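Keep the structure open as you read.

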Amino acid sequence: MKKFNKFAAAAAAFALAVSSAGCSAPSAVTIGSGTKTALTIDGYEVPAGVFIYSELNAYSSAAYTIAMNNGMSSYPSTDEVKKARLENMEAADWIQNKATEDCADYVSVEKEFDKIGEQLTVDELSEVDDTFEQFKENELITKNGIGEDSLMSVIKNQYKQQHLFKHYYGIDSEYGCSEDELKQYFTDNTARVKYFTISLTDENGDALGADEQRDLENLASDYADEINSAASDEGKMAKFDEVQQEYADYQAAQTTTSEGETTVTTTVATTSAGETETTTTTDPYANEVTLVKATTTTTSAGETTAAVTSTTSAEQAASEKAQKDYNDYVFNTLGTYKAEVYKYDENTLYVIIKGDLSVRMTDDDLWSEDSVERLLSERYWNDFTDMMDKISSGYKIEKNKRAYRRYDPFKLTLEPEDTDSAQ
């Protein structure tokens, strides 16, 4: 099922535009009157510039999919993409099909925005103008004949999409929830934790001996006891920082031992998948992370990521299991305000504590306006995309075959090296 992508179309094309800035490219496409409209969707004429923009985004998706499916460490070249097949289709056909779907998404936003009778705010229009000025001279835009009207329309469309989402899935909206319900969702699916890691390997990555590992396990247990000795809950959180520094000092001392002695290494306060770390030094929660309860592996827009087939599949599977087990432990086993030692994998110990999340649910911390918007998106974005997909899937699409031939994706400027493309 195709999905709306929150700002993904703009982000992908703009990212390509930035990477291509200053590079040589073929002369700009001249859009003739017979191809000014690339397709008509439910009676709405989609300009060629919007279609080309969607093709650039679709090309980026194709390149990403090819890289992921083949375990590539970098994006494929234009020639590699052109020769590839995706979902049993030639790459050019796949790209144009996806561009067509994206255009249907674009039209559904335009139509539904008009239907609810809203307008972009003055601040939003100012942001649109700033974005437009930033990208209107970008070579990927200009060399492919994307006119200013089309570029402006695409940028506005992203803001209209956000209005639609808030209209249907915002606080106290038709399909959304109350603020209290959203707070409950947040507390059910988020944990507030502090932790630091103790490595059970030497500087070469080799496992330490049994006695050395046992000494470190005892040290970790002593650290947990020291944290738990604090009189109050927040006192334990503060004591955790002191203990973490104790271990950092211990580790530093170990690395300065005389030649021939074993060196113990550590990684302090690194985050695992699904965690967000606060790094502001003046923040009282600077050493904390928030962990999101695991469901399925998804992208930020809610789409399942492509599996990578490679020689490291077993290692990847082990890593994913360790992350899942850790997530289950934090949400289902670890008590609040009790420091514990957790063995993350065969080579790593965690000294960890979980705090009361509600302490941080304030307007200037985890319950800011931006945080609430992100949480609504996390909870409802897939529902919104499904709703919009149902609308766009019912549209009648009439392609301008001449425009589709003229704007074959591999006649466009797609990347800096693509300097010989015919127009």
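Glu87 sits in the loop between strand 3 (85–86) and strand 4 (89–90); strands here are DSSP runs of E with at least two residues, helices are runs of H or I with at least four, and both are numbered from the N terminus. Its phi is near 50°, a positive value in a residue other than glycine. Glu87 is also exposed, at 64% relative accessible area (exposed means over 50%, buried under 20%, partly exposed in between, with a 1.4 Å probe and protein chains only).

Keep in mind that this is a predicted model, where local features need pLDDT of at least 70 and side-chain atom pairs count only at pLDDT 80 or more, while totals for chains, interfaces and linings use all residues. Residues are numbered from 1 along each chain as its sequence is written, and side-chain values use heavy atoms, with hydrogens and water left out.

Now look at Asp42, in the loop between strand 1 (37–41) and strand 2 (44–47). Phi of Asp42 is near 50°, again a positive value in a non-glycine residue. With 37% relative accessibility, Asp42 counts as partly exposed.

On to helix 11, residues 313–332: its 20 residues reach 28 Å from first C-alpha to last, close to the expected 28 Å (1.5 Å times one less than the number of residues). Which residues of helix 11 are buried? They are Ala322, Tyr326, Asn327, Tyr329, Val330 and Phe331.

Finally, find Lys401 in helix 13 (residues 401–406). Lys401 is exposed, with a relative accessible area of 64%.
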